[in-house]
Amino acid sequence: MLVATFCGNRGSNMTRRLVGLFIAAVVILSAIAGRAVAASESQQFEVITLRHTSTKFTIRAPEGFKLQFHDGTYILRKGVTSISFTRLATGVTPAQLADSLFRALGGRVIVKAGDARHIVGQVANGARGDTFVVERVGSQLSVTTSTSSRGRPVVLETLRQIGLGAKGGVSLRPPKAKPQASIALRPYRSPDGGATALVPKGGDWDIQSGGGAIIGFSP
């Protein structure tokens, strides 16, 4: 039996937006492939251009890194260090996606900074450290990430510059949330006139009221 209490008519736009934002965060987190240790902030290195020919992708990174591609994610590796880059086609803001990433990662927030076009974040969760940069580039968001199971993750400014050096390539599109089935409604007023609400149409709903509440029952 389905039982519902009706408190009035509420729109579903906000629910759909929150569902879409959650899905976007899940897509990004599932694409994070990096397991990185820190590069020294004072380290000097030559910057080179890496290419993935089949997806027409290029990215500028420190010398010695090799580029791989897997399920929409570009992975840069050098020894025990790896960095991942993902581009996401979404209308959410960098701050909205970053907040979803912070919640999904959990742990203690060490760094959270940026502006309307980019957000940088660093999270400590036990021995693991996570850093990420979310950047608005045109109509898309680029997300550059690094994860370390020991020591410090790749410094944020290096991570951001690597992401800004990315050109071309593929974009991930979050799956659309399935629309909820709609139910035709009709206005209802309790027999004593003390409460009104929109309730489902149809004879399979038994609408009752009492004490200012309106309750519907469906077998």
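Helix H2 has 12 residues, which at 1.5 Å a residue should span 16 Å, and its end C-alpha atoms are 16 Å apart, in agreement. The expected span here is 1.5 Å times one less than the number of residues in the helix. Helices (H or I, at least four residues) and strands (E, at least two) are DSSP runs, numbered from the N terminus. The model is a predicted one: local features need pLDDT of at least 70, side-chain atom pairs count only at pLDDT 80 or more, and totals for chains, interfaces and linings use all residues. Residues are numbered from 1 along each chain as its sequence is written, and side-chain values use heavy atoms, with hydrogens and water left out.

Several residues of H2 are buried: Pro94, Leu97, Ala98, Ser100, Leu101, Phe102 and Leu105. Buried means under 20% relative accessible area, exposed over 50%, and partly exposed in between (1.4 Å probe, protein chains only). An α-helix has 3.6 residues a turn, so residues three or four places apart point the same way. Leucine 105 has a relative accessible area of 15% and is therefore buried. Its C-alpha atom is separated by 7.6 Å from that of valine 123, 18 residues apart along the chain. Just after H2, glycine 106 takes a positive phi of about 70°.

The side chains of aspartate 99 and lysine 112 meet at 2.9 Å, N to O. Aspartate 99 lies in H2 (residues 94-105) and lysine 112 in strand S7 (residues 108-114), so the pair ties together parts that are 13 residues apart in sequence. Lysine 112 is exposed, with a relative accessible area of 52%, whereas aspartate 99 is partly exposed at 27%. A salt bridge is a side-chain nitrogen of Lys or Arg within 4 Å of a carboxyl oxygen of Asp or Glu. By this rule the count comes to two.

In the other pair, the side chains of glutamate 135 and arginine 160 meet at 2.8 Å, N to O. This pair links distant parts of the chain, 25 residues apart: glutamate 135 is in strand S9 (residues 128-137) and arginine 160 in helix H3 (residues 156-164). Glutamate 135 is buried, with a relative accessible area of 7%.

Of its 219 residues, 39% count as buried. Among contacts (heavy atoms within 4.5 Å) with a separation of 6 or more, residues 24 or more positions apart account for 50%.
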